[in-house]
Amino acid sequence: TGVQTCALPISRRIVITSGKGGVGKTTVCANLGVYLSKLGFRVALLDVDIGLNNLDVIMGLERQVVFDITDVVSGKCRVRQALIQDPNNPSLYVLPSSHTYASSKITGEHIKNVVDIIDHSFDYILIDCSPSLGLITVNSLTAADSVIIPVQCEYFALEGLGKLLSTIKLIQKRLNTELEIEGFVLTMYDARLRLSNQVVEEVKKNFQDMVFQTLINRNTKLAEAPGFGQPAILYDASSRGSEDYMLLAQELINRNQE
Ligand code: ATP
Ligand code: MG
């Protein structure tokens, strides 16, 4: 289909976290993953959150889950056996989190091991975290190159960011000196609302060029898509939400190639 291959020399490991729930992390992870793969990159999505809206569900892959990340770290299976290939995007794979198991047994070393094993097979490894700044998130950040921070254009948008940023600083100092902030992504933006525009202004004032130019608009198609077991691009590829994620993927690639 004329898709370019644009392999990176080594994979870029990006954690998606926010210090706050329901801001669009998993949606960012799924849709960014789809577009990065559409643009010719080999992408793995690692789900380390034990939530309801798990990545495999949002990707429409939950019925294909045989093994999950806890099976991998407990030695029950190999990473390759647990990775699910997206039938719609052959260069996109998902490593599901456990729906039932306590993830507290997963250490930073585990995550680093998993990432090291698949490192050469992928260009982008996106790790979807829970909103809590617990051990799993700290461990993921320790094993990562960078972090994407979604910020919802809503009341209390900046709530939780201070704590997340001080956690990141601490990790940069003690555990992972190479960790970078890839960028802040403004999600659920509504141009008609003064509040939305105020949040954009505020975030840009605080974080300047660390903020992605691409705004993710509030789009019902993005919210509905998981109900149909599909990421937005397949549910409605012409929707505003799909367009936004295409632009975000391109902006991320440009940043990484600078
Ligand atoms: P959690 O902290 O629970 O893991 P999260 O940060 O991963 O949540 P999501 O699950 O991605 O957030 O999104 C929360 C809700 O908002 C979901 O119902 C999702 O479909 C919806 N949503 C995400 N992005 C958008 C958008 N741009 N427009 C409209 N709805 C959206
Ligand atoms: Mg989530």
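# Reading the predicted model

Guide: The structure holds twelve salt bridges. This is a predicted model.

Visitor: What makes the contact of Arg 13 and Asp 119 a salt bridge?

Guide: The cut-off is 4 Å between a side-chain nitrogen of Lys or Arg and a carboxyl oxygen of Asp or Glu. The side chains of Arg 13 and Asp 119 meet at 3.5 Å, N to O. That is within the limit, so the pair counts.

Visitor: Where in the chain are the two partners, Arg 13 and Asp 119?

Guide: Arg 13 belongs to strand E1. Asp 119 is in the loop between helix H5 (108-118) and E5. They are 106 residues apart, and the pair links distant parts of the chain.

Visitor: Why is Arg 13 called buried?

Guide: Buried means under 20% relative accessible area. Arg 13 has 10% relative accessibility, so it counts as buried.

Visitor: Which residues are linked with Arg 13 and Asp 119 in a network of salt bridges?

Guide: Lys 112 and Asp 116. Together with Arg 13 and Asp 119 they form the network.

Visitor: How do you know that Glu 154 and Arg 218 form a salt bridge?

Guide: Their side chains meet at 4.0 Å, N to O. The criterion is within 4 Å, and the pair is listed as a salt bridge. The pair links distant parts of the chain, 64 residues apart. Glu 154 is in the loop between E6 and helix H7 (161-174). Arg 218 is in the loop between H8 and H9.

Visitor: What makes Arg 192 and Asp 190 a salt bridge?

Guide: Their closest N and O atoms are 2.8 Å apart. The limit is 4 Å, so the pair counts.

Visitor: Are Arg 192 and Asp 190 buried or exposed?

Guide: Arg 192 has 74% relative accessibility, over the 50% cut-off, so it counts as exposed. Asp 190 has a relative accessible area of 12%, under 20%, so it is buried.

Visitor: Why is strand E1 called largely enclosed?

Guide: E1 covers residues 12-16. Five of its five residues are buried, so the strand is largely enclosed by the rest of the structure. Both faces are covered. Arg 12, Ile 14 and Ile 16 are on one side. Arg 13 and Val 15 are on the other.

Visitor: How do you know that E1 pairs with E5?

Guide: Two strands pair if there are at least two bridges between them. E1 and strand E5 (residues 124-128) have five bridges, so they pair. The sense is parallel. Ile 14 has Leu 126 of E5 as its bridge partner.

Visitor: How many bridges join E1 to strand E6?

Guide: Three, and the two strands run parallel. The cut-off is at least two, so this is a pairing as well. In E6 (residues 146-152), Ile 148 is the bridge partner of Ile 16.

Visitor: How many residues surround ligand 1?

Guide: There are 16, and the closest include Gly 22, Lys 25 and Asn 219. The shell divides into six nonpolar, seven polar and three charged residues. Its largest share, three residues, comes from H1.

Visitor: What is the phi of Met 188?

Guide: About 55 degrees, a positive value although Met 188 is not a glycine. Met 188 is found in the loop between strand E7 (180-187) and helix H8 (194-207). At 22% relative accessibility it counts as partly exposed.

Methods. Residues numbered from 1 in each chain as written. Chains lettered and ligands numbered in written order. Predicted model: local features only at pLDDT ≥ 70, side-chain atom pairs only at ≥ 80, totals over all residues. Heavy atoms only, no water. Near = heavy atom within 4 Å. Helix = DSSP H or I, 4+ residues; strand = E, 2+ residues; numbered from the N terminus. Nonpolar A, V, L, I, M, F, W, Y, C, P; charged D, E, K, R; others polar. Buried < 20%, exposed > 50% of the residue type's maximum accessible area, 1.4 Å probe, protein only.
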